[in-house]
Amino acid sequence: MADWSPDSWTTKPIKQDVVYEDAQGVKDALDKLQKLPPLVTSHEINTLNNNLKNVALGKAFVLQGGDCAELFDYCNQDMIEAKVKLLLQMSLVLIWGANKPVIRIARIAGQFAKPRSSPTEVVNGVEMPSFRGDNINGFDADAKSRQPDPSRLVAAYFHSAATLNYLRASLSSGLADLHSPLDWGLGHVITPSIKEQYSRIVGAVKDALRFMRTVGIDKDRGVETADIYTSHEGLALEYEQSLTRQLSTPTTSSSTSAGTTGGFYATSAHFLWIGDRTRQLDGAHVEFFRGIANPIGIKIGPSMAPDELVRLLDVVNPTREVGKVTLISRYGAAKIDAFLPAHISAVQASGHVPVWQCDPMHGNTQATPSGVKTRHFTDILSELRQALEIHRAAGSFLGGMHLELTGEAVTECVGGAAGLTEEGLGERYTTFCDPRLNEKQALELAFLVAGFYRE
Ligand code: PEP
Ligand code: MN
């Protein structure tokens, strides 16, 4: 690629930059990262590229989800298993609903860095630097912990590696085995009619699995295990650059050649995205992203003009590879109908074929009267439903959804069949950034979206 190198972003203006006092510490951390092995392989990244091509063409659906801000402390057996099980259950419901393969991408094993709207925040009446994510500074509310610490970049690598190791190990040891009893967790559903509808779907899925076992299809790979890809916002470019490697690209899986001279792969995760605050056409993040071979996401919201969107696609995907770019739209339930149609028609006219994914979380954040950041289940569902309908009407495909969720029983979003109210939010509000769907709300959302496809 002309004029691009893993560090060419350093010549461009950058938003959300981190200023370290310890320059030697930064150098040592990046030197160390450069020597460590890739976390994911070019083969896996290419497989995801191929899968996303199918999503862009309407032949598959992508479910992406996980924490807003992952913490190093989340790197433990229970939390990893809970998240993986939830994504697997949701994907099974969606496969049944959309009648398409579902590609699973977790916001996990690296979703540490957070863009912030202000460099400082007031905690307990004291102004201090904002928490920027566990790979940058500490959450503890004191000046020392809030100072950017470069050794956290190396800690981020090792926490990602440990999380990914357990993810891979548990998948290959049968965590995703559809024969094992699934806990569909419907106990909380208080309306008999919704419960009946859900039970019907669960029954249909179980019947399909029983049929597969009877006819022996279940011995094929795919019922015993599943793929889960990893993703995070590519915000900390020093970190991403240090893990970017020129790797050969195997031509076919049966090929005996060493492969062609390959492209540059960001090996910190399979899929990286550019956040809504860092997608400036002439900025550092777009510069870095335009050179990597991974599939990439771009968050788009009301502030994106349709012609700018097309110019951005031309910059990051000049060869117009189908499905290379996932457009992650996040307008809000009240605004999607004013913005999405023009974005779709501009992209259609340009000849680009991206994956269109709906993030129904980030345009629907609001504060309760007492100042708690939350999101309403009805808004989340409404934005998803509108996205599906707008794409259908435009002859386009809604290729997937992008959610903030957790496998824990948190109380951060309002609504859902368990009837969580604003007053109940205090019970288990544990997010370090945005409010997430808890496991019951997330599964319920999957049921409802599956239902839209079956209507
Ligand atoms: C996020 O995905 O957590 C995020 C910060 O989103 P956005 O860039 O869309 O605001
Ligand atoms: Mn978020």
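Here is a short chat about a few features of this predicted model.

User: What makes β10 count as mostly covered?

Analyst: A residue is buried if 20 or more other C-beta atoms lie within 10 Å of its own. In strand β10 (residues 325-329), 5 of its 5 residues are buried. V325, L327 and S329 sit on one side, with T326 and I328 on the other, and both faces are covered.

User: How do you know that β10 pairs with β9 and with β11?

Analyst: At least two bridges are needed for a pair. Strand β9 (residues 296-300) is joined to β10 by 5 bridges, and 4 bridges join β10 to strand β11 (residues 355-358), so both pass that cut-off. β9 and β10 run parallel, and so do β10 and β11. I328 in β10 stands opposite K299, and its bridge partner in β11 is Q357.

User: Why is β9, α8 and β10 called a right-handed unit?

Analyst: With the strands pointing away from you, the path from the first strand over the helix to the second has to run clockwise. The β-α-β unit of β9, helix α8 (residues 306-316) and β10 is right-handed, which means that its path goes clockwise in that view. β10, helix α9 (residues 336-350) and β11 also make a right-handed β-α-β unit.

User: What makes a residue part of the shell around ligand 1, and which classes are there?

Analyst: The C-beta atom has to lie within 6 Å of the ligand. The residues around ligand 1 include R277, K299, R330 and H362. By class, that shell has 5 charged, 2 polar and 2 nonpolar residues.

Definitions and conventions
Residues numbered from 1 in each chain as written. Chains lettered and ligands numbered in written order. Predicted model: local features only at pLDDT ≥ 70, side-chain atom pairs only at ≥ 80, totals over all residues. Nonpolar A, V, L, I, M, F, W, Y, C, P; charged D, E, K, R; others polar. Buried ≥ 20, exposed ≤ 12 C-beta atoms within 10 Å, placed from the backbone. Helix = DSSP H or I, 4+ residues; strand = E, 2+ residues; numbered from the N terminus.
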